[in-house]
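Here's a quick tour for anyone meeting this structure for the first time. Have a look at it before reading on.

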Amino acid sequence: MNDGKTEITVTVNGINHTRRVEPRLLLSDFLRHELGLTGTHVGCEHGVCGACTISLNGRSARSCLTLAVMADRQEVETIEAQGTPDNLSRIQRAFQDHHGLQCGFCTPGMVMAIADLLAHHPLETDEQIREGLSGNICRCTGYVHIIEAVRELARERGPLK
């Protein structure tokens, strides 16, 4: 079939998905429009705000800067894998306990970035937490409660889900 599309197989939240996609399709659009996973938000579309942060092979990545074809044969995790309203992940519970969200738009990307930070960085000081979250913009909270949530999580290291 010569329709200009490329077949990709991506494991998203533990499930394999095979689709034919335009080579220029962004991973954020693939997740939202092809798979119906709308928890990944699109903010600036330039990789600056962090709202579209997902996990790609265990590391945080901007899905608005990643082409879907780049995720072929890769593992993607989205906010939908973090928990449910009845069974929140530790990160989501910490956000709830510390009032780390307001409008919620940045929260999915923030949660995914925090999962990566907790898995790969010591986060021993508030400065390290601030630096780690510097790529995720929140226009509502002022970050104080988010930093408190991450500080607690870093102190209580353990399984994040």
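Predicted model: local features only at pLDDT ≥ 70, side-chain atom pairs only at ≥ 80, totals over all residues.

Let's start with helix 2, which spans residues 90-97. Its buried residues are R90, I91, Q92, A94 and F95. So where do they go?

Once helix 2 is over, have a look at H99. Sitting just after the helix, H99 takes a positive phi of about 55°.

## How helix 2 meets helix 5

How do helix 2 and helix 5 sit relative to each other? They pack at an angle of about 135°, and their axes are 8 Å apart. That angle makes helix 2 oblique to helix 5. As for handedness, helix 2 passes helix 5 in a right-handed crossing.

Now for the residues themselves. On the helix 2 side, R90, I91, A94 and F95 take part, and they meet I146, A149 and L153 from helix 5. Sort the residues of this contact by type and you get six nonpolar, one charged and no polar.

## A histidine in strand 2

Over to strand 2, which covers residues 15-21 and holds H17. Is H17 buried or exposed? Its relative accessibility is 17%, so H17 counts as buried.

Who are its neighbours? Leaving out residues up to four places away in sequence, H17 touches I8, T9, V10, V12 and L35.

Key
Residues numbered from 1 in each chain as written. Heavy atoms only, no water. Buried < 20%, exposed > 50% of the residue type's maximum accessible area, 1.4 Å probe, protein only. Helix = DSSP H or I, 4+ residues; strand = E, 2+ residues; numbered from the N terminus. Axes fitted to C-alpha atoms, helices over the stretch in contact; angles between N-to-C directions. Parallel < 35°, antiparallel > 145°, perpendicular 65-115°, else oblique. Left-handed = near helix turned anticlockwise from the far one by under 90°. Contact = heavy atoms within 4.5 Å. Nonpolar A, V, L, I, M, F, W, Y, C, P; charged D, E, K, R; others polar.
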